[in-house]
Every structure is written in structure tokens, then in C-alpha cells.
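Trainee: I would like a close look at a single strand of this protein and at its surroundings. Please take me through it step by step.

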Amino acid sequence: MKRVLITGKNSYVGNSFADWVKDDPNFEVYKISLRDSSWKEHNFSNYDVVLHVAGIAHVSTDPKMEDLYYKINRDLTIEVAEKAKSNGVTQFIFMSSIIVYGDSVPGGVITRETIPNPANFYGKSKLEAEKGIIPLNDDSFKVCIVRPPMIYGKNSKGNYPKLAKVARLLPVFPDIDNKRSMLHIDNLTEFIKQLILNQDQGYFFPQNKEYVNTSEMVRLIGEVHGKKVRLVKIFNPFIKPLITKINVLNKIFGSLYYMKNMDLTDTYKVNNLIETIVETESRNKIYE
């Protein structure tokens, strides 16, 4: 039996993981809020694993937010990890992000040798949190740093819902060749489950089985909704020169992906790309 403490009661990833293992006799899941200092009085010795998902998830460029990002994403992470270790927890899982590599890397491809180079204080705060907790790793306290790419699924936030809205509204969409790593929430939660059961430690780079082409994803989302989205190249001469210059275009049409050999196993990949889109969109219809 693994007793897992999720730090962050309203976390999308945390709540999804709790739902994923709710009927699994190998897990007991508990949640705690870190919004005030009362968590410091909580006894962590009752748990085997801390899944740390509390943090500021959205990316802001407002300089007034910078101190808060470091306070929550870096300082709080380190403080929670130190408490977990001192209380006898044996595994600490930190949800970092692909964002630590920045908005773009040469050729869009990330290998194990790629040096993180965050472009904003969201990425910097995540990277500094990693650097703060890795020294805590030892045989009795196993630190897992997970750097997922864009996460999507039922009720997810971020870029995926925006693409889904575009797919439902527009009859045409630019046909641009790119490659991105993405991660469906079911694949991520199964990945976390396996991390815990295997008592793993180190850096991890989970992703879907297939790379995603943004244009093709929009077409598939439209198809799920019974709408045909025609992919056209007429806009390409205008868009392509601006991809690396305009952040929003880079996020949509730029390439950013992990090499496949960064994955140690495929066993957590319970759904392929088409299945994840069908799953996400069929569920999302209920909540629209």
C-alpha cells in the first residue's frame, strides 16, 4: 500500500491522479492545501510519497508577478521537499515542465544533453526549484523531477482548449509542418502511478506515443465534432517567417519535442493520439 500526499487540493494533475487510482487497492491518496502556513504543522510521516503539484501554472510576463513565482514555484517546493525528507517520506515527485528549456531550442528537438535555458520567470522558477531539491536525493529519499510537455485532457487549461475552439469555429486552418511533444492526462497519471510503484528517482520526460502536428490536431478535433477543417498552405509564406519572432505563433506552429530515446518505457501510454482527442472532446462536450 502506497500512501500518497498530494500538495495542492485544486491541482488539475493532482485531482486527475487521485481519480485515476481511486479504485486501486495499492494506493491511498490524501490532499493538503498549501495556501496558508498550516501545512507546516501537518505530520508527513504518515505518507510514503509526496506528489508536489502546487504552484503557479500559467505563464505571466507581468514583472509584478516575478517575486510570487519564485516564492511559490521555487521556495515553497524546496520547503515542502525538506519537510518531507525530515519527516521520513521516501519519495518526492515534483511536477516541473518542458518550459525549463525555453520557448524554442535549435531544431526544436530536446535530448538529454540539451541544457535548460528558460525564457521567462515561470521557467526559471521551476528550474531553480529542481536545483534546490535534487541535492536532497539519496537512497532513503528518492527525488523524481518530471518535465512534461503540454498536458491536455478533460477540463484542461492552456493552449489545447484554444485550439479546440478554433477547430470548432474555423473552416480552414494553416497547414504547417511542425512537431511537438504533448501528454494526455491519462498517460501522465498512469506514468506517475508507475513512478510510485517502481520507486523511481531522477529526471523524467513523459510524452504521448506520437508527436503532434498542430495543423493535423486541429483537423482531428474538428472531425470529432463532425466538422471538416480544411488545411491550406496559402498563409504559409506569411506565417513561417514570423514563427520564431512572435511568441504566440511559435507556441502554435513551432517545433518542440523530446527525442523518443528519453523515454525509458512506453507502458504508461494507455491511449494513442486519436484516442486521447476523442476522449477529451467527448468529455468536454458535457462541460461546454
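Mentor: In this predicted model, strand 3, residues 49–52, is covered on both of its faces. Val 49 and Leu 51 on one side are buried, as are Val 50 and His 52 on the other.

Consider next the neighbours of this strand. Strand 1, which spans residues 2–7, pairs with strand 3 in the parallel sense, and four bridges link the two. Within this pairing, Val 4 stands opposite Val 49. Strand 4, residues 91–95, also runs parallel to strand 3 and is joined to it by four bridges. Here Val 49 has Gln 91 as its bridge partner, while His 52 is partnered by Phe 94.

The open sheet consists of six strands in the order 2-1-3-4-6-10, with parallel pairing. Strand 2 (27–32) and strand 10 (202–204) stand at the edges with a single partner strand each, so one side of each has no neighbour in the sheet. From one strand to the next, the twist averages 20°.

Helices pack against this sheet as well. Helix 5, residues 185–198, touches strand 3 along with strand 1, strand 2, strand 4, strand 6 and strand 10; its direction makes about 155° with that of strand 4. Helix 3, residues 121–133, lies across strand 4, strand 6 (142–146) and strand 10, and runs at about 165° to strand 4.

Terms used: Residues numbered from 1 in each chain as written. Predicted model: local features only at pLDDT ≥ 70, side-chain atom pairs only at ≥ 80, totals over all residues. Heavy atoms only, no water. Buried < 20%, exposed > 50% of the residue type's maximum accessible area, 1.4 Å probe, protein only. Pairing = 2+ DSSP bridges. Axes fitted to C-alpha atoms, helices over the stretch in contact; angles between N-to-C directions. Contact = heavy atoms within 4.5 Å.
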